Amino acid sequence: MDSTTFVAFLSSILFTIGALGVLLRRSALLIFMSVELMLNAANLAFVAFAHRWAQLDGQIFVFFVMAVAAAEVAVGLALIVTIFRTKRSTNVDDLAALKG
Amino acid sequence: MNPDLPVLIVLGAVSVASALGLLLSRNAIYAALFLVLNFGVGAVIYLVLNAPFIAVVQVSVYAGAIMVLFLFVIMLLGAERLSPGENPPGMSFQRPLAIALGGVLLGLALYVLFVRQPPTTATALADSSPMAVGLSLFGPYLFPFEVVSILLLVAMVGAVVLTRNR
(Lines give C-alpha, C1' and ligand atoms only; values in the text may rest on other atoms or scores of the structure.)
Protein backbone atom coordinates (compact mmCIF):
# COMPACT_ATOMS: atom_id res chain seq x y z
CA MET A 1 0.00 0.00 0.00
CA ASP A 2 1.50 3.37 -0.94
CA SER A 3 1.26 6.55 1.13
CA THR A 4 -1.46 8.12 -1.01
CA THR A 5 -3.78 5.13 -0.70
CA PHE A 6 -3.34 5.03 3.06
CA VAL A 7 -3.96 8.78 3.49
CA ALA A 8 -7.05 8.62 1.26
CA PHE A 9 -8.33 5.78 3.48
CA LEU A 10 -7.56 7.83 6.63
CA SER A 11 -9.27 10.85 5.07
CA SER A 12 -12.52 8.95 4.44
CA ILE A 13 -12.53 7.62 8.04
CA LEU A 14 -11.95 11.13 9.47
CA PHE A 15 -14.66 12.60 7.21
CA THR A 16 -17.14 9.96 8.44
CA ILE A 17 -16.29 10.70 12.09
CA GLY A 18 -16.86 14.41 11.39
CA ALA A 19 -20.21 13.72 9.72
CA LEU A 20 -21.23 11.56 12.70
CA GLY A 21 -20.24 14.42 15.01
CA VAL A 22 -22.53 16.80 13.09
CA LEU A 23 -25.40 14.30 13.29
CA LEU A 24 -24.95 13.08 16.88
CA ARG A 25 -23.81 16.05 18.97
CA ARG A 26 -26.32 18.66 20.13
CA SER A 27 -24.00 21.55 21.01
CA ALA A 28 -23.56 24.12 18.24
CA LEU A 29 -19.86 24.45 19.17
CA LEU A 30 -19.26 20.70 18.85
CA ILE A 31 -21.13 20.58 15.52
CA PHE A 32 -18.92 23.41 14.29
CA MET A 33 -15.74 21.61 15.38
CA SER A 34 -16.94 18.48 13.56
CA VAL A 35 -17.35 20.56 10.38
CA GLU A 36 -13.72 21.66 10.80
CA LEU A 37 -12.74 17.99 11.11
CA MET A 38 -14.52 17.23 7.82
CA LEU A 39 -12.76 20.15 6.07
CA ASN A 40 -9.45 18.85 7.39
CA ALA A 41 -10.21 15.36 6.06
CA ALA A 42 -10.90 16.84 2.62
CA ASN A 43 -7.58 18.74 2.82
CA LEU A 44 -5.76 15.49 3.58
CA ALA A 45 -7.26 13.91 0.46
CA PHE A 46 -6.26 16.97 -1.63
CA VAL A 47 -2.64 16.76 -0.51
CA ALA A 48 -2.56 12.97 -0.93
CA PHE A 49 -3.72 13.22 -4.55
CA ALA A 50 -1.37 16.17 -5.22
CA HIS A 51 1.38 13.82 -4.04
CA ARG A 52 0.30 10.97 -6.32
CA TRP A 53 -0.16 12.93 -9.53
CA ALA A 54 2.84 15.23 -8.90
CA GLN A 55 0.67 18.34 -9.27
CA LEU A 56 0.97 21.41 -7.06
CA ASP A 57 -2.67 22.45 -7.64
CA GLY A 58 -3.94 20.19 -4.84
CA GLN A 59 -1.82 22.07 -2.32
CA ILE A 60 -3.03 25.44 -3.66
CA PHE A 61 -6.63 24.27 -3.17
CA VAL A 62 -5.85 23.30 0.43
CA PHE A 63 -4.64 26.86 0.97
CA PHE A 64 -7.95 28.23 -0.34
CA VAL A 65 -9.97 25.76 1.76
CA MET A 66 -8.09 26.95 4.85
CA ALA A 67 -8.83 30.61 4.05
CA VAL A 68 -12.55 29.84 3.56
CA ALA A 69 -12.56 27.83 6.82
CA ALA A 70 -11.05 30.78 8.67
CA ALA A 71 -13.74 33.12 7.30
CA GLU A 72 -16.46 30.59 8.14
CA VAL A 73 -15.21 30.20 11.73
CA ALA A 74 -15.13 33.98 12.29
CA VAL A 75 -18.74 34.45 11.12
CA GLY A 76 -20.04 31.20 12.66
CA LEU A 77 -18.61 31.86 16.11
CA ALA A 78 -19.99 35.42 15.97
CA LEU A 79 -23.43 33.91 15.23
CA ILE A 80 -23.09 31.44 18.13
CA VAL A 81 -22.12 34.26 20.53
CA THR A 82 -25.10 36.37 19.38
CA ILE A 83 -27.53 33.43 19.73
CA PHE A 84 -26.12 32.64 23.19
CA ARG A 85 -26.85 36.23 24.29
CA THR A 86 -30.57 35.85 23.59
CA LYS A 87 -31.18 32.12 24.24
CA ARG A 88 -28.56 31.50 27.00
CA SER A 89 -27.79 28.13 25.36
CA THR A 90 -25.68 26.56 22.62
CA ASN A 91 -27.90 23.48 22.32
CA VAL A 92 -29.33 23.29 18.82
CA ASP A 93 -32.58 21.74 20.12
CA ASP A 94 -33.32 25.03 21.91
CA LEU A 95 -33.19 26.89 18.59
CA ALA A 96 -36.32 25.31 17.12
CA ALA A 97 -38.36 28.53 16.82
CA LEU A 98 -38.39 30.32 13.48
CA LYS A 99 -39.69 33.52 15.08
CA GLY A 100 -37.05 35.52 16.94
CA MET B 1 7.91 -1.79 1.08
CA ASN B 2 7.11 1.90 1.34
CA PRO B 3 9.40 3.44 4.03
CA ASP B 4 6.80 6.12 4.91
CA LEU B 5 4.05 3.61 5.68
CA PRO B 6 4.95 2.74 9.34
CA VAL B 7 5.13 6.48 10.16
CA LEU B 8 1.77 7.06 8.47
CA ILE B 9 0.15 4.15 10.31
CA VAL B 10 1.20 5.57 13.70
CA LEU B 11 0.05 9.08 12.68
CA GLY B 12 -3.23 7.70 11.35
CA ALA B 13 -3.91 5.84 14.61
CA VAL B 14 -3.35 9.03 16.65
CA SER B 15 -5.48 11.01 14.18
CA VAL B 16 -8.46 8.61 14.34
CA ALA B 17 -8.16 8.36 18.15
CA SER B 18 -8.23 12.16 18.57
CA ALA B 19 -11.20 12.43 16.19
CA LEU B 20 -13.07 9.83 18.26
CA GLY B 21 -12.11 11.83 21.36
CA LEU B 22 -13.75 14.88 19.78
CA LEU B 23 -16.85 12.82 18.93
CA LEU B 24 -17.26 11.33 22.43
CA SER B 25 -15.96 14.11 24.71
CA ARG B 26 -18.24 15.45 27.47
CA ASN B 27 -16.35 18.73 27.82
CA ALA B 28 -16.03 21.29 25.01
CA ILE B 29 -12.51 22.33 26.10
CA TYR B 30 -11.29 18.72 25.89
CA ALA B 31 -13.00 18.39 22.49
CA ALA B 32 -11.20 21.50 21.22
CA LEU B 33 -7.85 20.19 22.51
CA PHE B 34 -8.47 16.82 20.80
CA LEU B 35 -9.09 18.78 17.59
CA VAL B 36 -5.79 20.69 18.05
CA LEU B 37 -4.02 17.30 18.38
CA ASN B 38 -5.78 16.11 15.22
CA PHE B 39 -4.65 19.21 13.29
CA GLY B 40 -1.07 18.82 14.58
CA VAL B 41 -0.97 15.20 13.40
CA GLY B 42 -2.40 16.39 10.06
CA ALA B 43 0.53 18.83 9.73
CA VAL B 44 3.01 15.97 10.19
CA ILE B 45 1.15 13.91 7.56
CA TYR B 46 1.49 16.88 5.16
CA LEU B 47 5.25 16.87 5.83
CA VAL B 48 5.43 13.15 5.05
CA LEU B 49 3.49 13.81 1.82
CA ASN B 50 6.07 16.41 0.75
CA ALA B 51 3.92 19.52 1.37
CA PRO B 52 5.98 21.68 3.80
CA PHE B 53 4.17 24.97 3.03
CA ILE B 54 0.74 23.46 3.75
CA ALA B 55 2.09 21.86 6.94
CA VAL B 56 3.23 25.22 8.33
CA VAL B 57 -0.01 26.96 7.28
CA GLN B 58 -1.95 24.14 8.97
CA VAL B 59 -0.15 24.75 12.27
CA SER B 60 -0.36 28.55 12.17
CA VAL B 61 -3.90 28.96 10.76
CA TYR B 62 -5.79 25.86 11.95
CA ALA B 63 -4.06 24.78 15.17
CA GLY B 64 -3.16 28.37 15.96
CA ALA B 65 -5.73 30.97 14.91
CA ILE B 66 -8.92 28.93 14.42
CA MET B 67 -8.64 26.77 17.52
CA VAL B 68 -7.64 29.73 19.71
CA LEU B 69 -10.83 31.43 18.51
CA PHE B 70 -12.83 28.32 19.44
CA LEU B 71 -11.25 28.14 22.92
CA PHE B 72 -11.88 31.88 23.46
CA VAL B 73 -15.57 31.51 22.59
CA ILE B 74 -16.02 28.37 24.74
CA MET B 75 -14.45 30.11 27.74
CA LEU B 76 -16.24 33.42 27.06
CA LEU B 77 -19.65 31.74 27.00
CA GLY B 78 -18.84 29.33 29.86
CA ALA B 79 -20.29 26.59 27.66
CA GLU B 80 -17.66 23.91 28.31
CA ARG B 81 -20.05 21.56 30.15
CA LEU B 82 -21.97 19.60 27.51
CA SER B 83 -25.15 17.68 28.03
CA PRO B 84 -24.70 13.98 27.27
CA GLY B 85 -25.80 13.38 23.69
CA GLU B 86 -29.48 12.55 23.74
CA ASN B 87 -32.10 12.02 21.12
CA PRO B 88 -34.06 15.21 20.42
CA PRO B 89 -37.54 14.98 21.95
CA GLY B 90 -39.89 12.94 19.80
CA MET B 91 -37.09 11.62 17.55
CA SER B 92 -35.88 8.40 19.19
CA PHE B 93 -34.79 7.03 15.80
CA GLN B 94 -32.30 9.87 15.19
CA ARG B 95 -29.13 8.36 16.71
CA PRO B 96 -29.33 4.84 15.21
CA LEU B 97 -30.26 6.37 11.87
CA ALA B 98 -27.28 8.77 12.05
CA ILE B 99 -24.87 5.90 12.82
CA ALA B 100 -26.29 3.80 9.96
CA LEU B 101 -25.99 6.73 7.54
CA GLY B 102 -22.41 7.33 8.69
CA GLY B 103 -21.61 3.70 7.84
CA VAL B 104 -23.18 4.15 4.41
CA LEU B 105 -21.10 7.33 3.85
CA LEU B 106 -17.86 5.52 4.77
CA GLY B 107 -18.73 2.58 2.53
CA LEU B 108 -19.50 4.86 -0.43
CA ALA B 109 -16.29 6.87 0.05
CA LEU B 110 -14.18 3.70 0.18
CA TYR B 111 -16.00 2.29 -2.86
CA VAL B 112 -15.40 5.42 -4.95
CA LEU B 113 -11.78 5.77 -3.82
CA PHE B 114 -10.60 2.18 -4.06
CA VAL B 115 -12.98 -0.01 -6.04
CA ARG B 116 -14.23 2.18 -8.83
CA GLN B 117 -10.88 3.88 -9.48
CA PRO B 118 -8.00 1.53 -8.67
CA PRO B 119 -4.83 3.39 -7.60
CA THR B 120 -2.35 4.21 -10.33
CA THR B 121 1.40 4.13 -9.88
CA ALA B 122 2.81 6.86 -7.68
CA THR B 123 5.17 9.51 -9.01
CA ALA B 124 7.33 11.87 -7.01
CA LEU B 125 6.42 15.55 -6.88
CA ALA B 126 9.24 17.42 -8.62
CA ASP B 127 9.19 20.64 -6.59
CA SER B 128 6.78 21.45 -3.75
CA SER B 129 8.90 24.02 -1.93
CA PRO B 130 7.17 27.15 -0.52
CA MET B 131 8.71 29.05 -3.44
CA ALA B 132 6.95 26.84 -6.01
CA VAL B 133 3.65 27.19 -4.09
CA GLY B 134 4.09 30.97 -3.95
CA LEU B 135 4.87 31.24 -7.67
CA SER B 136 1.73 29.22 -8.40
CA LEU B 137 -0.40 31.33 -6.01
CA PHE B 138 0.70 34.61 -7.59
CA GLY B 139 0.76 33.23 -11.14
CA PRO B 140 -2.09 31.06 -12.44
CA TYR B 141 -4.08 31.36 -9.17
CA LEU B 142 -3.79 35.14 -8.74
CA PHE B 143 -7.52 35.85 -9.26
CA PRO B 144 -8.78 33.27 -6.70
CA PHE B 145 -6.16 34.60 -4.30
CA GLU B 146 -7.57 38.15 -4.59
CA VAL B 147 -11.14 36.83 -4.23
CA VAL B 148 -10.11 35.07 -1.00
CA SER B 149 -8.70 38.31 0.38
CA ILE B 150 -12.06 40.03 -0.24
CA LEU B 151 -13.85 37.04 1.36
CA LEU B 152 -11.71 37.38 4.50
CA LEU B 153 -12.43 41.13 4.66
CA VAL B 154 -16.20 40.50 4.35
CA ALA B 155 -16.04 37.82 7.05
CA MET B 156 -14.18 40.19 9.37
CA VAL B 157 -16.75 42.95 8.85
CA GLY B 158 -19.57 40.41 9.32
CA ALA B 159 -18.14 39.15 12.61
CA VAL B 160 -17.79 42.72 13.93
CA VAL B 161 -21.35 43.65 12.88
CA LEU B 162 -22.85 40.46 14.39
CA THR B 163 -21.21 40.77 17.81
CA ARG B 164 -21.58 44.56 18.15
CA ASN B 165 -23.34 45.65 21.35
CA ARG B 166 -26.51 47.54 20.59
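Q: Why does the distance between the end C-alpha atoms of helix α3 of chain A agree with its 31 residues, and what is that distance?
A: In this predicted model, helix α3 of chain A runs over residues 57-87. At 1.5 Å a residue, its 31 residues should span 45 Å. The span agrees, because the end C-alpha atoms are apart by 44 Å.

Q: Which residue just after α3(A) takes a positive phi?
A: The helix covers residues 57-87 of chain A. Just after it, a phi of about 55° turns up. The residue is A:R88.

Q: How many residues of chain A are in contact with chain B?
A: Contact here means heavy atoms within 4.5 Å. Chain B brings 79 residues to the contact. On the side of chain A, the number is 71.

Q: What area is buried between chain B and chain A, and what share do carbon and sulfur atoms give?
A: Interface size is often given as accessible area lost when the parts come together. Between chain B and chain A that area is about 6,700 Å². The share from carbon and sulfur atoms is 77%.

Q: Which three residues supply more than any other three of the area that chain B buries against chain A?
A: Together they supply 10% of the area that chain B buries against chain A. They are B:L23, B:L49 and B:F70.

Q: Which element of chain B gives the most residues to the side that touches chain A?
A: The elements giving two or more residues to this side include α1 (5-24), α2 (28-48) and α3 (52-77) of chain B. One of the elements of chain B gives twelve residues, the most. That element is α3(B).

Q: How many residues on the side of chain B that touches chain A are charged?
A: This side holds 56 nonpolar residues. Another 17 are polar. The charged residues number six.

Q: How many salt bridges does the rule find across the interface of chain B and chain A?
A: Polar contact does occur across the interface, in eight residue pairs. Over all chains, the structure holds one salt bridge. Across this interface, the count is zero.

Q: Which side chains meet in a salt bridge at 3.9 Å, N to O?
A: One partner sits in the segment before α1 (3-24) of chain A, the other in helix α2 (residues 28-52) of chain A. The partners are A:D2 and A:R52.

Q: How far apart do the C-alpha centres of domain 1 and domain 2 of chain B lie?
A: Domain 1 of chain B covers 1-82. Domain 2 of chain B covers 130-166. Their C-alpha centres lie apart by 23 Å.

Terms used
Residues are numbered from 1 along each chain as its sequence is written. Chains are lettered from A and ligands numbered from 1 in the order in which they are written. This is a predicted model: local features need pLDDT of at least 70, side-chain atom pairs count only at pLDDT 80 or more; totals for chains, interfaces and linings use all residues. Side-chain values use heavy atoms; hydrogens and water are left out. Domain bounds come from an automatic or database domain assignment. Helices (H or I, at least four residues) and strands (E, at least two) are DSSP runs, numbered from the N terminus. The expected span of a helix is 1.5 Å times one less than its number of residues. Buried area is the accessible area (1.4 Å probe) that two parts lose on being put together, summed over both. A salt bridge is a side-chain nitrogen of Lys or Arg within 4 Å of a carboxyl oxygen of Asp or Glu. A polar contact is a pair of N or O atoms within 3.5 Å; within protein, one must be able to donate a hydrogen and the other to accept it, and residues adjacent in sequence count only if both atoms are side-chain atoms. Ala, Val, Leu, Ile, Met, Phe, Trp, Tyr, Cys and Pro count as nonpolar, Asp, Glu, Lys and Arg as charged, and the others, Gly among them, as polar.
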